[in-house]
Each structure stands twice: as structure tokens, then as C-alpha cells.
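Keep the viewer open as you read.

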Amino acid sequence: MKKMVALVLSLMLIMSLFMFPVQAMAGTYTVNLQVLSYLYLDVLELYLAPSSGEGWGENRLTGPLPHAQLCNFSFSADESVGSLWDVRLVTDGDNEYCAYQIDVNQIHAITFTLNIEAESEEDALSIDMQAQPLI
């Protein structure tokens with residue numbers, strides 16, 4: 001009888017683990033990302049935000065980022081937001097340039113290039129993503 005009760009209790013415990021899963025505590029990971037701008041204007045604001053979130057958060061620049069200057073970012077992120085991030089640049093003149101759903105586990109450098117001789121605005125911007133840091 002005792003063996004039967006123990007078996008039933010063990011089965012109930014095992015079933016409860018499947019019915020009410022224990023949520024693992026979210027950890028953190030480090031984001032290392034380089035941003036290079038060839039937009040011919042100073043970048044006044046730069047935002048990095050999880051693609052899964054809403055809004056852009058705070059400007060990550062402490063001052064203007066001049067044309068052709070590399071900017072390095074390294075920060076901790078909560079694993080619960082995932083590894084897809086969005087980048088938004090705002091230049092002198094209030095032009096905005098965005099790159100969406102960048103997998104920061106795979107991409108470590110982003111270059112924004114503006115071709116001022118392009119025939120259309122859509123063809124003017126190119127965004128190059130690299131798996132390795134630029135320098």
C-alpha cells in the first residue's frame with residue numbers, strides 16, 4: 001500500500017512539473033556592436049533597441065558622431081529581449097536612417113553609407129553588416 005501511495009505521489013509530482021513549468025530566471029548577455037556612418041552629416045542621435053520592444057529608448061551618443069568615424073558599443077542586455085536589435089541614426093538636418101532586426105549574436109559591425117549621386121532616395125542608402133568587427 002505504501003509503495004502504491006508513493007508511486008501515485010511521484011506521478012502527480014511529475015505531472016505537475018509539466019502542467020506548471022518553472023520559468024528559468026532570465027540571464028544577460030553582452031552586446032558588442034560597431035557603427036560606422038558615411039552619411040556626409042554628423043550623426044547627432046543613435047538609438048539601439050530590442051526589436052521585440054516598443055520605442056527607441058535613450059540616445060546612446062554623448063556627442064556628435066562625425067562622418068566616417070567609428071563608434072563602439074558594448075553593453076549588457078537581458079536574454080528575455082532576444083538577440084534581434086534595431087538601430088536608428090538621426091543626422092544633422094533631422095534625417096533618420098534605420099536598420100531593423102540585426103542579430104547581435106551574428107553581426108558585430110554596421111556601416112551606413114549614403115550615395116549622394118543616387119537617382120532615387122530609395123537607392124541612396126546602403127546598410128552593410130559584418131560578422132567581424134571592422135578594426
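The text below takes the sheet, then the ring pairs. Note that the model is predicted.

Start with the sheet. Three strands make it up, in the order E2-E4-E5. The sheet is open and its pairing is antiparallel. E2 and E5 stand at the edges, each with a single partner strand, so one side of each has no neighbour in the sheet. From one strand to the next, the twist averages 15°. Strands of a sheet pair through backbone hydrogen bonds. Between E2 and E4 there are 7 bridges. In one of the pairings, Val43 has Thr91 of E4 as its bridge partner.

Now turn to the rings. A pair of aromatic rings is described by the distance of the centres and the angle of the planes. The count here is 2 aromatic pairs. Trp56 and Tyr100 form a tilted pair, 6.4 Å centre to centre with 45° between the planes. Trp56 lies in the loop between strands E2 and E3, and Tyr100 in strand E5, so the pair ties together parts that are 44 residues apart in sequence. Trp56 is partly exposed, at 22% relative accessible area. Tyr100 counts as exposed, at 51%.

Phe75 and Trp85 have ring centres 5.3 Å apart. Their planes meet at 65°, so this pair is edge-to-face; the cut-off is over 60 degrees. Phe75 sits in strand E3 and Trp85 in strand E4, 10 residues apart. Are these two residues buried or exposed? Both Phe75 and Trp85 are buried. Phe75 also has a charged residue over its face: Arg60, at 4.3 Å from the ring centre.

Note on methods: Residues are numbered from 1 along each chain as its sequence is written. This is a predicted model: local features need pLDDT of at least 70, side-chain atom pairs count only at pLDDT 80 or more; totals for chains, interfaces and linings use all residues. Side-chain values use heavy atoms; hydrogens and water are left out. Rings of Phe, Tyr and Trp (its six-membered ring) pair if their centres lie within 6.5 Å; planes under 30 degrees apart count as stacked, over 60 as edge-to-face and the rest as tilted. Helices (H or I, at least four residues) and strands (E, at least two) are DSSP runs, numbered from the N terminus. Buried means under 20% relative accessible area, exposed over 50%, partly exposed in between (1.4 Å probe, protein chains only). A charge sits over a ring if NZ of Lys or CZ of Arg is within 6 Å of the ring centre and within 35 degrees of the ring normal. Two strands pair if DSSP finds at least two bridges between them. Axes are lines fitted to C-alpha atoms, for helices over the stretch in contact, and angles run from 0 to 180 degrees between N-to-C directions.
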